[in-house]
Amino acid sequence: MSASKEKYTEAQYLEVDQYEPKTQSGRIANYVDTRVGGTNIVREFGRKVFPDHWTFMFGEVALYSFIITVLSGAFLTFWFDPSMSTTRYSGSYAPLQGLEMSMAYATALELSFDVRGGLFMRQLHHWGALLFVLAMSVHMLRVFFTGAFRKPRELNWVVGCSLLILGLGAGFTGYSLPDEVLSGNGLRIIDGMLKAVPVVGTYISFFLFGGEFPGNEVIPRLYSLHIFIIPALILILIAVHLFMVVVHKHTQYPGPGRTERNVVGYPVGPVYAAKAGGFFFIVLGILCFIAGTFQINALWNYGPYDPSPVQAGAQPDWYIGPFEGVLRLMPGYLGDFSLEWVIPTPWGGNSLALPVLIPMLPVAAIFLGMFVWPWIEAWITGDKKEHHLLDRPRNAPTRTAFGAAVVTNYLIMWGMGSNDLIATHFGLSLNDITYWSRVLFFLGPVIAYILTKRICLALQRKDREVALHGHEAGVIEVSPEGEFHERHKMPSEYELWTLVSYEAPEPSGPQPNAKGKVTLTEKIRARLNRIWFEDRVEPVSREEYLEALEHHGHDHETTGLEAAQSQESVTSGKPHGHDPHGH
Amino acid sequence: MKALSQKRRHPFAFVALLLLGLLLTGGLYAAATTVNQAQATNTASEYDDEQVDEGERLFVANCATCHGMNAEGTDAGPSLVGVGAASVEFQVGTGRMPMQMQGPQAQQKPPQFNEEQTTQMAAYVASLGAGPAVPDDEYLDMEAGDPARGGELFRINCAMCHNAAGAGGALTEGKYAPSLHGVEPVHVYTAMTTGPQNMPVFSDSNIPPEDKRDIIAFLQTYEQQGTPGGFSLGFLGPVSEGLLIWTLGLALLIGSMVWLTSRSS
């Protein structure tokens, strides 16, 4: 803004001050503008350029589904009473009439059956929550596999990870509120996990539940977390997240004219403002369609909470699935060896519930590893540069393979969360599913890593092949000598850009530090660096490309029309992005 | 008393004591089981001889291969002496018997015998020994039952295997608790009294006939009310909900995203 101040003279300022709009709407607009400073806001943000790609819109979906969830949640708070005091149900759902239940459950039933539009809003809220976490997850997968978390966006990645964790928290606290048997089972698992913490576990559980589980404190406590603390934190972090997106500018996929120094796309005003505004209503429409058509959390089935029964098919919402699954995966005994230990203490011993504690390690490793990944990767690769151009996943084979391995691990745990339903619906034995999943838990990620890496390298080689020799046109030609050829169609300039503009550094080897010593950490880093980079497909260089063109020129003089054209434009000396080493 | 204390080290004292103990426990057990039987039964008296004879013919032709010529059981199938008419009503009436193939448990299929034939076989099996009888109609009348109480009993006794909405669930080694949707009241009742496949027996001393009627009333009410919130997604709860949002939800979103960004790219 300081630069623009110097541009205006006193007379110009006066002109602006004394400006009198002619129409009434003009006067209103001017009144608001002079007091709110809309011009500056539009100038600053309205011209912000965003690149266009469908995969960039998952974050937007997350934001919109959060807004929809907040709005529908606000509606629910008008009727829902988060109290564990008991009442006798007298609402209109016959199979529960006359039963003793908590106010929380009774008002959740009231919302479902006796408030006009209440069931729809409840379903919209719940489906919105599922979509919120889904959109965040897919968004994060996109960011991970395209390398958008790299410098300078590491901190924003951390903000995103925190948002995901908060999303899980918001979801779980909401899932627990209606106080029926299903949500009570979920809370009982949390209680069990807390109590599994050695020595202090029981105390933590007593603090949370205000005494022995279930107590009569936990629902009001979860309610303040659910409607106040967690949403407030999410809102703050969303603001930080978006602010940082504006500061860093959006990343873009490699393509014609796109460099590390620019952003190619459309400005917010009017294109993106219209698109994003419209997209909000598309998301709202999709959610309303689903909420109006598909029943979710039929809480009247489960009955008022009672600690004794556990019902078949009791599962958490999808995003807590891996936590549930890993508990189902974990054996309590290895052969005859019990995993439940007792630590001898002066007051008689504390039990160490390893079957509950060990399963938490892989889940914790995934979620914590997520937070520090940008630094781990930068440390291994030794990459200190800024990155605004995204990687195509194939062009970062090791990262893609590692990501696929972690996703596979997650999927196994996730699938195990529904092992009973897999058993009944696919006619399998529950025990077999569990045994195989135990094997696949360790083996699956390894297979996924190897396969993904090979697929990435193969795709890179294919890209190289296309860049140098063109696409197979599917036309077989016979030369007068009787030789068969397949005609190749050279890629267009635009396609070529995407195919060749990436980097594939070679392993860098251990570097001595300032004192000239190669430390042990450095040796480990160098080893990981070698694993990271040793399988590589060199991007096509300008020399190679020219040579290939020349080769084609001699080979198929009659068919090399496209080749000749592209050769012309390349040799005419215009600056192109074909050569990644050029910039 | 003196004689007793003197003789307690007699070589046969131990044997005598053992015999006494065995007699006592055996006698008590016999008494206890007859009491139970008396509660649970109806004998063949309610069927006429003609039905029993016809039932035997059907039995020999269709069931004896596995259950033995006199229903005494073979390696392939259990003895049917004392299983009662209710077992036949459930197993044959739901098509589980004759069994389609050996497996973790008998699969339901369209019944192979009509009602008359089923009753005749039930009569034959009831004539073999006392066992649970087919319930009177008064215990199957959902109008007389209390669905709220039935729902509570269902959630305490049945929902851990059959799911809170009666959609069924998995058991170990390929066994499962089937869905209860569309099951006839008489089959719900007889399943409770006989404990078919892997189901425990809920005898009348455990759940009295009136309570069984309440459970049936709950299941019927539940089925008739439909699903207030739209498609039920199989009554499976969060798993099918998660599946829907990851398939239909995500597909609709990606479709609209691609559409929104298609013009410029």
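Helix α7 covers residues 147-157 of chain B and helix α10 covers residues 209-225 of chain B, and they pack at an angle of about 100° with their axes 7 Å apart. Axes here are lines fitted to C-alpha atoms, for helices over the stretch in contact, and angles run from 0 to 180 degrees between N-to-C directions. Helices (H or I, at least four residues) and strands (E, at least two) are DSSP runs, numbered from the N terminus.

Before going further, note that this is a predicted model, in which local features need pLDDT of at least 70 and side-chain atom pairs count only at pLDDT 80 or more, while totals for chains, interfaces and linings use all residues. To make selections, remember that residues are numbered from 1 along each chain as its sequence is written, and that chains are lettered from A and ligands numbered from 1 in the order in which they are written.

**Stop 1: the helix pair in chain B**

Which residues of α7(B) and α10(B) make the contact? From α7(B), select Pro147(B), Arg149(B), Gly150(B), Gly151(B), Leu153(B) and Phe154(B), and from α10(B) select Asp211(B), Asp214(B), Ile215(B), Ile216(B), Ala217(B), Phe218(B) and Thr221(B). Two residues are in contact if their C-beta atoms, placed from the backbone, lie within 7 Å. This contact has seven nonpolar, three polar and three charged residues; Ala, Val, Leu, Ile, Met, Phe, Trp, Tyr, Cys and Pro count as nonpolar, Asp, Glu, Lys and Arg as charged, and the others, Gly among them, as polar.

**Stop 2**

UniProt, in an unreviewed entry, lists "domain: Cytochrome c" at residues 50-129 and 145-223 of chain B; its positions are given in the numbering used here, feature names are shortened, and annotations may be inferred rather than shown by experiment. Residues 50-129 of chain B are 51% helix and 0% strand, with end C-alpha atoms 17 Å apart, and residues 145-223 of chain B are 51% helix and 5% strand, with end C-alpha atoms 15 Å apart.

Next, find the peptide bond between Met97(B) and Pro98(B), which is cis with omega about -10°. Pro98(B) is in the loop between α5 and α6 (115-128) of chain B.

**Stop 3: where the chains meet**

Show both chains together: their contact takes 54 residues from chain A and 53 residues from chain B. On the side of chain A that touches chain B, α12(A) gives the most, with seven residues. By class, that side of chain A has 32 nonpolar, 18 polar and four charged residues.

**Stop 4: along chain A**

Select residues 28-254 of chain A, where UniProt places "domain: Cytochrome b/b6 N-terminal region profile" (unreviewed entry). This span of chain A is 69% helix and 4% strand, and its end C-alpha atoms are 45 Å apart.

Two loops deserve a look.
- Asp179(A), in the loop between α8 (154-176) and α9 of chain A, has phi near 60°, a positive value in a residue other than glycine.
- Pro214(A), in the loop between α10 (201-209) and α11 (218-248) of chain A, is joined to Phe213(A) by a cis peptide bond with omega about -5°.

The UniProt annotation "transmembrane region" (unreviewed entry) covers several spans of chain A, including residues 223-247 and 352-376. Residues 223-247 of chain A are 100% helix and 0% strand, with end C-alpha atoms 35 Å apart, whereas residues 352-376 of chain A are 92% helix and 8% strand, with end C-alpha atoms 32 Å apart.

**Last stop: α15 and α17 of chain A**

Finally, select helix α15 (residues 397-416) and helix α17 (residues 430-469) of chain A, which pack at an angle of about 150° with their axes 8 Å apart. That angle makes α15(A) roughly antiparallel to α17(A). The contact of α15(A) with α17(A) has 15 nonpolar, eight polar and one charged residues.

Conventions. Parallel < 35°, antiparallel > 145°, perpendicular 65-115°, else oblique.
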